[in-house]
Amino acid sequence: MHVNIHVNRKFVQTMTSLTQRSSGLVQRRTEASRSAAAAEKEKSPGEDEDESRRGEEEDDDKGDAKETRLTLMEEVLLLGLKDREGYTSFWNDCISSGLRGCMLIELALRGRLQLEASGMRRKSLLNRKVICKSDAPTGDMLLDEALKHVKETQPPETVQSWVELLSGETWNPLKLHYQLRNVRERLAKNLVEKGVLTTEKQNFLLFDMTTHPLTNNTIKQRLVRKVQESVLEKWVNDPQRMDKRLLALLFLAHSSDVLENAFCPLLDDQYDLAMKRVRMLLDLEPEAEAAKSGANELLWAVVAAFTK
């Protein structure tokens, strides 16, 4: 009997200690959950917005990754190419200089080039020199070649001079080495590698010519639609609120005489409205726009070189 009482006491003590431990564990868990809830309440709305914004940006990146990304030069060339024939119009003598302007803006948007400071004398955009901000490779051979020229040239040159030098339009034989050769062919090969164009040979009686007909119409139509929407459904009536790359595309496609190709499918009323808004952009004063907060000065210097 005495043994049974002793065993029962030990059992009760053991159960009591286990109950106390479990209750302590529950208390600790409850306190931890309360602390987490309090921290969640104390989190500022700005943090929630930042997290949601980061999530949206990640989603955007995933969406962009699925699309073929084109440079400004490739977009302008693609707008100028005839879909079936695979070459630009023989009468277009503007696209060569337009593509060089694209290179300068592309390098500026990638943080490689910028204009020198205007200084106390407030130099105009066209009188300010182009300087190298970063010589980090871009991964594009044409852009890296142009960047190398700008970096190694002393004294620096203006935007207008660089457009002429890169195009080979100079009377100075000592500066002919600045010319970027076979630019259209090299850009077309880039588009072939990206699956947008294909390569064929065509016979033109006296000579054979390599052409690059369109093979991926989806990308071309997406580009055309983007240009159309920028001056129609998505028109914002303020160049500072427009995407800089899209704004540059409108200006340079016009300067390269290929913007009309994007507007051809439009109805008459849409065409008139689109051209009216393009003229509004062309009538802007580059000096005033470049002075506004957040503006890219080199972009507006290129615009000034082609429109003024």
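Reader: Where do Lys 151 and Asp 135 lie?

Author: Lys 151 lies in helix H5 (residues 141-152) and Asp 135 in the loop between strand S2 (130-132) and H5, so the pair ties together parts that are 16 residues apart in sequence. Helices (H or I, at least four residues) and strands (E, at least two) are DSSP runs, numbered from the N terminus.

Reader: Before we go on, what kind of model is this?

Author: This is a predicted model, where local features need pLDDT of at least 70 and side-chain atom pairs count only at pLDDT 80 or more, while totals for chains, interfaces and linings use all residues. Residues are numbered from 1 along each chain as its sequence is written, and side-chain values use heavy atoms, leaving out hydrogens and water.

Reader: Ok, back to that pair. What is the relative accessible area of Lys 151?

Author: Lys 151 has 43%, so it counts as partly exposed. Asp 135 is partly exposed as well, at 44%. The cut-offs are under 20% relative accessible area for buried, over 50% for exposed and partly exposed in between (1.4 Å probe, protein chains only).

Reader: How many salt bridges does the structure hold?

Author: It holds 13 salt bridges. One of them joins the side chains of Glu 145 and Arg 186, at 2.9 Å from N to O. Glu 145 lies in helix H5 and Arg 186 in helix H7, so this pair ties together parts that are 41 residues apart in sequence. Glu 145 is partly exposed at 27%, and Arg 186 is partly exposed at 24%.

Reader: Changing topic: which residues in the largest nonpolar core touch the most other members?

Author: Those are Val 159, Phe 263 and Trp 300, out of 75 residues in that core. A nonpolar core means a set of buried Ala, Val, Leu, Ile, Met, Phe, Trp, Tyr and Cys residues joined through side-chain atoms within 4.5 Å.

Reader: And what does Val 159 touch?

Author: Leaving out residues up to four places away in sequence, Val 159 touches Leu 104, Leu 115, Arg 128, Val 130, Leu 298, Ala 301, Val 302 and Ala 305. Contact means heavy atoms within 4.5 Å.

Reader: How many aromatic pairs does the structure hold?

Author: Two. Trp 162 and Tyr 178 form an edge-to-face pair, 5.4 Å centre to centre with 85 degrees between the planes. Rings of Phe, Tyr and Trp (its six-membered ring) pair if their centres lie within 6.5 Å; planes under 30 degrees apart count as stacked, over 60 as edge-to-face and the rest as tilted. This pair links distant parts of the chain, with Trp 162 in helix H6 (residues 159-167) and Tyr 178 in the loop between H6 and helix H7 (183-193), 16 residues apart.

Reader: Are Trp 162 and Tyr 178 buried or exposed?

Author: Both are buried. The other pair is Phe 251 and Trp 300, also edge-to-face, at 5.7 Å centre to centre and 70 degrees between the planes. Phe 251 sits in helix H9 (residues 244-255) and Trp 300 in helix H13 (residues 297-307), 49 residues apart. Both Phe 251 and Trp 300 are buried.

Reader: Now the backbone. Which peptide bond is cis?

Author: The one from Gln 154 to Pro 155 is cis, with omega near -5 degrees. Pro 155 lies in the loop between H5 and H6. Most peptide bonds are trans, and most residues other than glycine have a negative phi.

Reader: Which residue has a positive phi although it is not a glycine?

Author: Arg 122 has a positive phi of about 50 degrees. Arg 122 is in the loop between strand S1 (113-115) and S2, and counts as exposed at 63% relative accessibility. Asn 237 has a positive phi too, of about 60 degrees, and its place is in the loop between helix H8 (217-230) and H9.

Key:
A salt bridge is a side-chain nitrogen of Lys or Arg within 4 Å of a carboxyl oxygen of Asp or Glu.
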